[in-house]
Amino acid sequence: MIEARHLRVLRAVAASGSFSAAARELGCTQPAVSQQMKALEQSTGTPLLIRTGREMRLTEAGQALVRHAAGILAGLTAAEEEIAAIAGLRAGRVRLVSFPSGSSTLVPGALAQMRAEHPGTRVSLVEAEPPRSVEMLRSGDCEIALAFRYPEVRGADPAGAEWEDLVVRPLLTDRLIGVVPERHPLAGTERIGIAELAGEPWIAGCPRCRRHLVEVCENAGFTPRIDFATDDYPAVFGLVGAGLGVAVMPELALESVRPKGIRTVAVEPLVQREIVALTLPDLARVPAVGAMLDQLATAAGR
């Protein structure tokens, strides 16, 4: 295997014409130069220098290797400088995947602060709900995934098990609240039990949210009649505002839109979802990823 340090010695010998002159240029001893040249010739399996008296000239193989050495060493130097820049947050990238209500509430402030503090780091954003966002993280399509999980009303913790190989950065706890039409009989009520909505048509969100809604309702003694299902939070609020049903929505979703024609009401039992940022253990040691995780935590108020 040809080593970069050997190529540097070969270039110095070729430029200076002798081992002693190369040693002075490189700041080492002549025997050290001789030893490294022997190692390089052993690696290539052919002589690179011809010694005639006090003169030294390159063989054809030596000339070819010197020509290539310039580009190889230049490329290594560029790579070293780029890595140093990334390590120092002067360059690099972070690809972020977030669910929609996180994209419109937590992410903008975090991205703005990241750009202000580390302008050389490029940050991109795409949207995906968990578990798709977690799949993207594991497949190498992003460095950070914003995700959420609900407490399991039946005692298991599949979400926790799903993330056990990842670095989990808790961000905040997001309370779920009832959403009813503004003319609904319960619209002026401060707090209700979720079972009081048992006879209502329901509007549900993403698959993970729908599954948890069914579990919470069944735990309260009824199965919700879900007439509409959509991943789009403004659509949920629009359907509720039109009097087509009721919903239970995260508070972050309310922050992200200005719904019309609805009223919110606290529901019991209290249901919360945990908002987290996920990354892989190796990625967590990358400075740009660590900085972005810190900005997300700051944006979440931690």
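Author: The chain has a radius of gyration of 31 Å, whereas a compact globule of 302 residues would have one near 19 Å. That radius is taken over C-alpha atoms, and the globule rule is 2.2 Å times the number of residues to the power 0.38. The C-alpha atoms fill a box of roughly 105 × 35 × 30 Å along the principal axes.

This is a predicted model: local features need pLDDT of at least 70, side-chain atom pairs count only at pLDDT 80 or more, and totals for chains, interfaces and linings use all residues. Residues are numbered from 1 along each chain as its sequence is written, and side-chain values use heavy atoms, without hydrogens and water.

The chain holds eleven helices and twelve strands. These are DSSP runs (helices H or I, at least four residues; strands E, at least two), numbered from the N terminus.

Which residues of helix 8 are buried? They are Arg 208, Cys 209, His 212, Leu 213, Glu 215, Val 216 and Cys 217. Buried means under 20% relative accessible area, with a 1.4 Å probe and protein chains only. Across the chain, 43% of the 302 residues count as buried. Just after helix 8, Gly 221 takes a positive phi of about 105°.

Conventions. Buried < 20%, exposed > 50% of the residue type's maximum accessible area, 1.4 Å probe, protein only.
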